[in-house]
Amino acid sequence: MVAQEKYIEYYKKKDGTIKLDTDILNSIETSVSALSLAHQIEQPGMEHIDLLSDSEVTDKNIKYVANYKALLPFSVFGLNSIPQQVVASRRAWIGADGNRWMENNGNPPKSDDATVYVSTRDSDVYHTTMSCSYITHDIMETSGAVIKAMRTKFGGRFSPCASCKPNYRMSVVYYTSGARSFHSTNTCKTLSSYIQAMKKSQAESAGKHACIRCG
């Protein structure tokens, strides 16, 4: 929800609707959303939930760090609880090109101004295709039954993607080594969510140059 709000905020700052300083706005969002989230995630067996100390909402990233105590069913060596921490993060800017109908003052785009793709990971290169090996993930495949027993690189279990909605009965599912979700199709948009499409002229004006492989 906060990521969607940042999308709207991006354009409201461009048209001057938002007047607040970015640092002040980020601080307010961090505090309000963390306090709200603490009530939503509270479960039996959790106490002293702290989402304010380490959480951070910025223009580029949304990171929530939940520190809490997990209550033990019985005391062990005088301990009644164990400190736990859960970290969740997502990009604030999703890469979609919003307000497309307002581009170029409503005039049709120039036919020679091709669409290119750039990585949001501080790259100065643009690509002519999303399948360029310099920006794509290594997408692996297995069965739903196998991935149900697999562990992610972070130690947790893979969960079904909320976008393409795979299930454990599927004969083929797709995943990447650094992800926490698996997918029903290798073209799922969340597999390449860090790629942003833009016009070639826009990329060049931002100082980006063509990829040596696909450019």
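## Confidence

The protein chain of this predicted model has an average pLDDT of 78, and 76% of its residues score at least 70. pLDDT is the predictor's confidence in each residue, from 0 to 100. Over residues 98-103 the pLDDT is below 50, and this stretch has 6 contacts in the model beyond near neighbours in sequence. A contact means heavy atoms within 4.5 Å. Where pLDDT is low, the predicted coordinates should not be read in detail.

Local features need pLDDT of at least 70, side-chain atom pairs count only at pLDDT 80 or more, and totals for chains, interfaces and linings use all residues. Residues are numbered from 1 along each chain as its sequence is written, and side-chain values use heavy atoms, leaving out hydrogens and water.

## Overall make-up

The chain has 4 helices and 12 strands. These are DSSP runs, numbered from the N terminus: helices are H or I with at least four residues, strands E with at least two. Of the 215 residues, 28% are buried. Buried means under 20% relative accessible area, exposed over 50%, and partly exposed in between (1.4 Å probe, protein chains only).

Contacts also reach along the sequence. Of those with a separation of 6 or more, 56% join residues 24 or more positions apart.

## Around isoleucine 147

Isoleucine 147 sits in helix 3 (residues 144-149). Its relative accessibility is 0%, so isoleucine 147 counts as buried. Leaving aside residues up to four places away in sequence, isoleucine 147 touches Thr142, Phe158, Tyr168, Val173, Tyr175 and Phe182.

## Aromatic pairs

The whole structure holds 2 aromatic pairs. Rings of Phe, Tyr and Trp (its six-membered ring) pair if their centres lie within 6.5 Å; planes under 30 degrees apart are stacked, over 60 edge-to-face, the rest tilted. Phenylalanine 158 and tyrosine 175 have ring centres 5.4 Å apart and planes at 65°, so this pair is edge-to-face. Phenylalanine 158 lies in the loop between helix 3 and strand 8 (159-160), and tyrosine 175 in strand 9 (residues 173-175). Phenylalanine 158 is buried at 5%, and tyrosine 175 is buried at 12%.

Tyrosine 168 and phenylalanine 182 form a tilted pair, 5.2 Å centre to centre with 40° between the planes. Phenylalanine 182 is buried, with a relative accessible area of 0%. Tyrosine 168 is partly exposed, at 31%.
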